[in-house]
Every structure is written in C-alpha cells, then in structure tokens.
Amino acid sequence: MRLGLLYALLRTEEKMLLKAAEDRSVTVEKLNAAQMSYELDRCEQLPPVDVVLERCVSHSRALYALRFFKSYGIPCVNTFEVAEIAGDKALTSLAFADHKVPTPRTIVAFSPEQALAALDTIGYPAVMKPVTGSWARLLAKVENVQQAESIIEHKSVLGHYLHSIFYIQEYVDKPGRDLRTFVVGDECIAGITRASEHWITNTARGGRAEALKVTDEIADLSVRAANAVGGGVIAADLMERPDGSLTCHEVNYTMEFRNSVGPTGVDIPGRIIEYAIAQARR
Ligand SMILES: Nc1ncnc2c1ncn2[C@@H]1O[C@H](COP(=O)(O)OP(=O)(O)O)[C@@H](O)[C@H]1O
Ligand SMILES: [Mg+2]
C-alpha cells in the first residue's frame, strides 16, 4: 500500500497523519504540491501510488492536482468534485439547497448595486464572505448600510476579481459558539464546540475547542451536509439558531483537527488514514 500525501506545508495535522500511516505500516510518498508539474497523461514527479490524500493549504494547487490525478486513474481523498464544491462557498450553499440541508439565507451578487440590494433584502446585521478562503479571512459583519457601502467600496477599489463576487448571508444569532463536526465516509466521528466572545469562532482565530456530545440530530445533519458536496473526509460547521434548530453554513474538505483530537479523544488522523486506505486502487 503506497499512499501519496499531497501537501504544501507539513503542519501539525500532516505530521499526525504521517504518524498514523506509519503506525499502520502504510508507505507514504510525500508530494510537495509546489514541486509538481503535470502533463496531460503523466506526472514525472509522481511515484506509483495507490491513493492520494490531499492535504494542501492552497486551494488552486489542490484542485488542479486532484483533476490531473483523476485523469491518471488515481483515487483521491477527497475527490476533485468535492474540492470544487466545498472550496467555493457559493457552490456549497447551492449544494445544500439542492439536498435540503438547512443553511442560512444567502444571496450571491455580482455588482455593488446588487450587493446593496441583497443586503437590504436579507436585513442587517448580515455577513459578507469571500467565496474562497478559510480561517475567517476577510469575513465582515455588516451592521448597517453605511458600513456596507464602505466595505463594498474597499472590495471594488482594492479588488482581486474574487472580490467582485458578493456572498451575502443572514447573520445567525448563535449562542457564543458554533459546532464543528468531522465526517468520515458515512459516519460523524467527532465534534467540538468552538466558543468565543467574538462572532467569529474559528480556533485559528482564538475560538476555544471543547468536546461536543454528537446527538443523532447533529450527526444526521453533518453527514447530510458532507454527502451534499460529494462525501469523503469532511468537517462541517454548524450553528444553533435562537429557536434551537441547527443550520450548516459550510463544509471544509482539507480540515485542521489538531485542536479536536484532545477534547474529543477520537483518533481523527487514524480514521482519515484508514478511510484513504479503503479507497485505494486494488
Ligand atoms: N451567517 C453567520 N452568522 C453568524 N456567524 C457566522 C456566520 N457565518 C459565519 N459565522 C462565524 O464565522 C466563522 C467563520 O465562518 P465560515 O463561513 O465557517 O468561514 P471560514 O471558511 O473562513 O471558516 C463561523 O465559524 C462562525 O463562527
Ligand atoms: Mg469555517
């Protein structure tokens, strides 16, 4: 069994995955995404591997790598299709809607005028997010039309082309925390709560991780959210609404888990490696 680990940086997570593979006597080929180049029918830098586990922080490198590996007939965790949808918040929201996964009300607009109209429709406060990105980078909570005009002007003037996509979402008045669950295949294997005084609760931004009791309702919603984008190894972000119902705002296809193994006691890297092995070419 030879597993290719596609990476950009060997973070704590990748080191934990390497250890989990070693514990299971799996040979790992480390594939540095920046060092690879792909011909249409082969990649010189790619040793023979039975499966590729994609763990790259760069979405664009990951996406194209997964697409080339698909053409070469190499199974990947996660698949190109999953990365394409889960790496884009607009496509993810649509996948949730298609699969009746409860998600916050969202409007996607493509000009400052339509963005302001969308905010008016959704009402303030609202949240604006870039469609690609993580660690809550460039998220904005917009309290009123004056703030909206200023943020939209910044996006337009400083803008990368991605900033001309305005992803606008209702603000969910959650109870000082959100829920992060881990899905591997058809199972929700673990969950944490992420608490913060800030409305952004990512652990990378100071949110405190604590074990979550994964109820049937939480597990069911997490697996449905993962399956909506194509399934595999997925982390789902859920919020509790004031009425107690749950809503899923995004899924992550190359998730971090260093802060989740301790509180949950679940061997997340071990479960990921075992899932990847099960997908390998025979
Ligand atoms: N619509 C929302 N209402 C309230 N809080 C939100 C909303 N969307 C995101 N958040 C908060 O911001 C965090 C980051 O948002 P998220 O959509 O998960 O982006 P990222 O991909 O950067 O993690 C969430 O975990 C949550 O705490
Ligand atoms: Mg998130």
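**View 1. Helices α5 and α6 are roughly antiparallel to each other.** (Angles under 35 degrees count as roughly parallel, over 145 as roughly antiparallel, 65 to 115 as roughly perpendicular and the rest as oblique.) This is a predicted model, in which local features need pLDDT of at least 70 and side-chain atom pairs count only at pLDDT 80 or more, while totals for chains, interfaces and linings use all residues. Residues are numbered from 1 along each chain as its sequence is written, and chains are lettered from A and ligands numbered from 1 in the order in which they are written. Here α5 covers residues 112-122 and α6 residues 145-158; their axes lie 11 Å apart and the packing angle is about 150°. Axes are lines fitted to C-alpha atoms, for helices over the stretch in contact, and angles run from 0 to 180 degrees between N-to-C directions. Helices (H or I, at least four residues) and strands (E, at least two) are DSSP runs, numbered from the N terminus. The crossing of α5 with α6 is right-handed; a crossing is left-handed if the near helix is turned anticlockwise from the far one by less than a right angle, and right-handed if clockwise. On the α5 side you will find Pro112, Ala115, Leu116 and Leu119, which meet Ala148, Ile152 and Ser156 of α6. (Two residues are in contact if their C-beta atoms, placed from the backbone, lie within 7 Å.) By class, this contact has 6 nonpolar residues, 1 polar and no charged. Ala, Val, Leu, Ile, Met, Phe, Trp, Tyr, Cys and Pro count as nonpolar, Asp, Glu, Lys and Arg as charged, and the others, Gly among them, as polar.

**View 2. Helix α1 meets helix α9.** The axes of α1 (residues 12-23) and α9 (residues 268-279) come within 8 Å and cross at roughly 60°, which makes α1 oblique to α9. This crossing is right-handed. Look for Met16, Leu17, Ala20 and Ala21 in α1, facing Pro269, Gly270, Ile272 and Ile273 in α9. The contact of α1 with α9 divides into 7 nonpolar residues, 1 polar and no charged.

View 3. The chain is divided into domain 1 (2-77), domain 2 (106-170) and domain 3 (173-267), with bounds from an automatic or database domain assignment. Taken over C-alpha atoms, the centres of domain 1 and domain 3 are separated by 25 Å. Across the contact, 7 residues of domain 1 meet 6 residues of domain 3. On the domain 1 side, α1 and β3 (51-55) are the elements that give two or more residues. That side has 3 nonpolar, 1 polar and 3 charged residues.

**View 4. Residues gather around ligand 1.** The shell holds 21 residues, of which Val127, Ala136, Val172, Ile200 and Thr201 come nearest. (A residue is near a molecule or strand if its C-beta atom, placed from the backbone, lies within 6 Å of it.) Strands β6 (126-129), β8 (166-170) and β13 (246-252) are the elements that give two or more residues to this shell. Domain 2 and domain 3 each supply at least three residues. By class, the shell has 9 nonpolar, 6 polar and 6 charged residues.

View 5. Two peptide bonds to look at are cis: valine 77 to asparagine 78, with omega near 0°, and tyrosine 124 to proline 125, with omega near -5°. Asparagine 78 is in the loop between β4 (76-77) and α3 (80-86), whereas proline 125 is in the loop between α5 and β6. Serine 25, although not a glycine, has a positive phi of about 55°. You can find serine 25 in the loop between α1 and β2 (27-32).
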